[in-house]
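Visitor: I would like to learn how to read a few features in a protein model. Could you take me through them one at a time?

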Amino acid sequence: MPHHKTALRLVAPVAVLALALTACGGGGDKADAKSPDTEKAKVFPSPEPASGGELETGESATGKVAEDPGEVTYEVVAQKVDVGTEAEAAKAVSEPDKVKGKVLATAYVKYTHKSGPALTDGSDVPDGTTVFADGQRGTVLIGASEDATGCEDPYDVETWKQGESHVFCETYVIPANAKNVEVHWSEEDGEPYIWTFPNA
């Protein structure tokens with residue numbers, strides 16, 4: 001993932017420098033252990049990679065969700081976004097005037113239970129998913145995704161064991177002229193992982 005690569009780039013010069021110091025040291029000479037660079041590394045340890053960041057199409061994120069009966073680690077990937085027409089948006093809502101110049105964007109997101117207890121009463125993992133258009137959050141359209149081909153209704157998934165995957169969809173209303181549609185998913189209080197899909 002890109003944020004991991006960035007963190008590794010920042011760490012690499014320190015790692016190379018540490019190797020160079022070790023290679024130059026004589027067998028029992030401990031002077032290198034007290035060098036300024038070594039002391040600096042102890043005071044400023046390498047940063048841990050933060051959650052969230054831009055992801056490539058097909059690249060997955062891993063995050064934890066507090067579920068009942070316990071914390072579950074999921075692998076999450078936004079598979080695609082289907083963008084409809086203004087006419088379809090007008091038919092989908094009770095007040096068509098409110099969606100003039102707007103379209104529906106349905107994000108297909110695959111969630112895989114990687115570790116943690118088996119679930120017996122649904123999951124909160126789709127709650128972390130939102131859809132943005134050109135950096136602005138869209139308006140969620142509740143109940144619009146359940147009948148879309150390839151989408152499962154989260155309320156129908158009562159049991160979920162390690163290794164099992166489900167595809168849940170989120171439908172949002174976005175401007176028809178948006179250049180990009182972004183699917184965001186984040187852990188609770190975490191930074192979002194972001195997949196960007198061009199709106200061709």
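Guide: Let us start with Lys80, which is partly exposed, with a relative accessible area of 38%. Buried means under 20% relative accessible area, exposed over 50%, and partly exposed in between, using a 1.4 Å probe and protein chains only. Before we go on, please note that this is a predicted model, in which local features need pLDDT of at least 70 and side-chain atom pairs count only at pLDDT 80 or more, while totals for chains, interfaces and linings use all residues. Residues are numbered from 1 along each chain as its sequence is written, and side-chain values use heavy atoms, with hydrogens and water left out.

Visitor: With which residue does Lys80 form a salt bridge?

Guide: Here is the general idea: side chains of opposite charge can pair when their charged atoms come close. The rule for a salt bridge asks for a side-chain nitrogen of Lys or Arg within 4 Å of a carboxyl oxygen of Asp or Glu. For Lys80 the partner is Asp82, and the closest N and O atoms are 3.9 Å apart. Asp82 counts as partly exposed, at 34% relative accessibility.

Visitor: How many salt bridges does this rule give?

Guide: The count comes to 2. Glu95 and Lys98 also meet in a salt bridge, at 3.5 Å from N to O. Glu95 is partly exposed, with a relative accessible area of 42%, whereas Lys98 is exposed at 58%.

Visitor: How many disulfides does a search of the whole structure find?

Guide: A disulfide is a pair of cysteine sulfur atoms within 2.5 Å. The search finds 1: Cys151 and Cys169, with sulfur atoms 1.9 Å apart. The pair links distant parts of the chain, 18 residues apart, with Cys151 in the loop between strand S7 (139–140) and strand S8 (165–175) and Cys169 in strand S8. The link is left-handed, with -85° about the S-S bond.

Visitor: Are Cys151 and Cys169 buried or exposed?

Guide: Both Cys151 and Cys169 are buried.

Visitor: What is the order of the strands in the open sheet?

Guide: First, the terms: helices (H or I, at least four residues) and strands (E, at least two) are DSSP runs, numbered from the N terminus. Two strands pair if DSSP finds at least two bridges between them. Here the open sheet of 5 strands has the order S1-S10-S9-S5-S6, with mixed pairing. Strand S1 (53–55) and strand S6 (136–137) stand at the edges with a single partner strand each, so one side of each has no neighbour in the sheet.

Visitor: How many bridges join S1 to strand S10?

Guide: There are 3, and S1 runs parallel to strand S10 (residues 193–198). To see one in your viewer, find Glu54, whose bridge partner in S10 is Ile194.
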